[in-house]
Amino acid sequence: FTTSLMAVVVGAAWLWYAGRLSPGVAVTFAIGAVVPVAILHWNLAFQLESGPSWFAVLLILADRRYLPNSSSSRPLLGMAAGMGGVALRSKGYGVEAVFLVVAALQVTVAALEGAEWLVVHRGRLAEGVRGLGHGASLRLPRKAA
């Protein structure tokens, strides 16, 4: 039942009600999916009526807790998931293509945000590493309360 399109719609409605759904990701996923469908001359309704695809997009990718803070990058993630997920089906992947693309996008976003954090905090990290040689402990910055 978790891959049923109706169950996904109910779950997405709850996320939207809770203020955690980013609707721009869902809209741009559909727009991005249209590109490979048009190029490959596939049936649009068949490609967009996939419950597992919408599960991956609406309940995993479009959750604001896991998206970058930049509002301009959210629609780009949705478009990349749509284009990549549907295009991978032409390479022999089935329903799992969107899951693979969503996972790859999340890993990429996490790596970029981690690299940004390292750049922002490089001075404090360098001080902590130097202090380790003198018996001090490494103190990472805390979030502001």
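The points below describe a predicted model of a single chain, from its overall fold to selected residues.

1. Overall architecture. The secondary structure consists of seven helices and zero strands. Read along the sequence, the pattern is α-α-α-α-α-α-α.

2. Of the 145 residues in the chain, 32% count as buried. Among contacts between residues at least 6 apart in sequence, 69% join residues at least 24 apart. The chain exposes about 9,200 Å², and carbon and sulfur atoms supply 66% of that area.

3. In soluble globular proteins, nonpolar side chains tend to be buried together. Here the largest nonpolar core has 21 residues, and Trp54, Leu58 and Ala81 have the most contacts inside it. Two or more residues each come from helix 1 (5-17), helix 2 (23-40), helix 4 (51-61), helix 5 (73-88) and helix 6 (96-120).

4. The surroundings of Leu58. Which residues does Leu58 contact, leaving aside its neighbours within four places in sequence? They are Val8, Ala12, Leu15, Leu21, Ala26 and Asp63.

5. Not counting residues up to four places away in sequence, Ser53 touches Phe29, Arg89 and Val98.

6. The salt bridges. The count comes to two salt bridges. One of them joins the side chains of Asp63 and Arg20, at 3.1 Å from N to O. This pair links distant parts of the chain, 43 residues apart: Asp63 lies in the loop between helix 4 and helix 5, and Arg20 in the loop between helix 1 and helix 2. Arg65 also forms a salt bridge with Asp63, with the closest N and O atoms 3.1 Å apart.

7. Asp63 is buried, at 2% relative accessibility. Arg20 is partly exposed, with a relative accessible area of 23%. Arg65 counts as exposed, because its relative accessibility of 51% is over the limit of 50%.

8. A nonpolar patch on the surface. Leu5, Met6, Val9 and Val10 form a nonpolar patch on the surface, with about 360 Å² of accessible area together. One of these residues, Met6, is in helix 1. Met6 has a relative accessibility of 56%, over the limit of 50%, and therefore counts as exposed.

Notes:
Residues numbered from 1 in each chain as written. Predicted model: local features only at pLDDT ≥ 70, side-chain atom pairs only at ≥ 80, totals over all residues. Heavy atoms only, no water. Core = buried A, V, L, I, M, F, W, Y, C linked by side-chain atoms within 4.5 Å. Buried < 20%, exposed > 50% of the residue type's maximum accessible area, 1.4 Å probe, protein only. Helix = DSSP H or I, 4+ residues; strand = E, 2+ residues; numbered from the N terminus. Contact = heavy atoms within 4.5 Å. Areas by Shrake-Rupley, 256 points an atom, 1.4 Å probe, with all protein chains shown as cover. Patch = residues over 30% accessible without salt bridge, like charges linked within 9 Å, V, L, I, M, F, W, Y side chains within 5 Å. Salt bridge = Lys/Arg side-chain N within 4 Å of Asp/Glu carboxyl O.
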